[in-house]
Amino acid sequence: DQTGRPYAWSHSKGCNHWIYWDQIARFDFDNNSPYVTVHALPSAGHDSLNEIYLEHILPLVLTTRGFEVIHASAIQSPGGVLAFAAFTGTGKSSTAYALHSRGFPIWADDAVVFQIERDEVISTPIPFSVRLFPDMLSSIENSLFTGQAQKNIDPYRFQEKLPLVGIYLLERMETWNFQRPIQVTRLPLETAFTRLLPHAYAFEQH
């Protein structure tokens, strides 16, 4: 977690994989089955299990199935999916929700899934829930430019894959003010790769 305390462990043996979530459950899966088996402690609630599975376990399982996953939020634009990658607390979910309030549907929150299909980067939708700090949610919804945002976004509404056309790496500027414009810089490919790598999900570290 953000204090440095381990709260989950993973283990593999051949094509079999296990994820142990502290005081909650063990999640078992293998490369030859589409199913994940959950062994939950009696004290683990259904809502908590569902949240952990969708937000943390499913993205890791997908990395063993040939998908790439990055820690990012995303919106659906007319040209395809635009993702916003950032460390926790930077504002990726807030950015996606603010754009959603201006008419761009939210595509993902916290985990953007994609793979290469016929020389094109294609994003696959997975269920998600949008979580914002209360003060940020209130600020967005009270803005003069908003009013169209949905508080309860249906995470299962997407049925089709879409091209991933852009990834923005967000950085919070503590000294930013309204007189200083937001800066957008196109990164060289090698710089973009190394900057994006810390935001990638990986079940196994090599």
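How many strands form the open sheet here, and in what order? Seven strands form the sheet, in the order 5-9-10-11-7-6-8, and the pairing is mixed.

Before going on, a word on conventions, everyone. This is a predicted model, in which local features need pLDDT of at least 70 and side-chain atom pairs count only at pLDDT 80 or more, while totals for chains, interfaces and linings use all residues. Residues are numbered from 1 along each chain as its sequence is written, and side-chain values use heavy atoms, with hydrogens and water left out.

Let's stay with the sheet. Helices (H or I, at least four residues) and strands (E, at least two) are DSSP runs, numbered from the N terminus, and two strands pair if DSSP finds at least two bridges between them. Strand 5 (68-70) and strand 8 (106-108) are at the edges with a single partner strand each, so one side of each has no neighbour in the sheet. From one strand to the next, the twist averages 40°; axes are lines fitted to C-alpha atoms, for helices over the stretch in contact, and angles run from 0 to 180 degrees between N-to-C directions.

As an example of pairing, take strand 9 (residues 112-117) and strand 10 (residues 120-124): they are antiparallel and share five bridges. V113 has T124 in strand 10 as its bridge partner.

What lies across strand 5, strand 7 and strand 11? That is helix 4 (residues 189-196), which runs at about 85° to strand 11 (162-169).

Now to strand 7, where we find V81. V81 has 0% relative accessibility, so V81 counts as buried; buried means under 20% relative accessible area, exposed over 50%, and partly exposed in between, with a 1.4 Å probe and protein chains only. Not counting residues up to four places away in sequence, V81 touches A74, I75, W107, S123, L162, P163, L164, V165 and G166, where contact means heavy atoms within 4.5 Å.

The whole structure holds two aromatic pairs, counting rings of Phe, Tyr and Trp (its six-membered ring) with centres within 6.5 Å; planes under 30 degrees apart are stacked, over 60 edge-to-face, and the rest tilted. One of the pairs is F84 with Y168, stacked at 5.5 Å centre to centre with 20° between the planes. Because F84 lies in strand 7 and Y168 in strand 11, the pair ties together parts 84 residues apart in sequence. F84 is buried, with a relative accessible area of 6%, whereas Y168 is partly exposed at 37%.

Next, the cores. A nonpolar core is a set of buried Ala, Val, Leu, Ile, Met, Phe, Trp, Tyr and Cys residues joined through side-chain atoms within 4.5 Å. The largest has 22 residues, and I19, I24, F27, I57 and L62 touch the most other members. Strand 2, strand 3 (25-30) and helix 1 (46-63) each supply at least two residues, with helix 1 giving the most, eight. Apart from this core lies another, of 13 residues, including A72, V81, F114 and L162.

Which residue in strand 2 deserves a look? I picked W21, in strand 2 (residues 16-21). W21 is buried at 13% relative accessibility. Leaving aside neighbours within four places in sequence, W21 contacts Y7, A8, F27, I52, H56 and I57.

Finally, helix 2 (residues 92-100): seven of its nine residues are buried, among them K92, Y97 and H100. Thanks, all!
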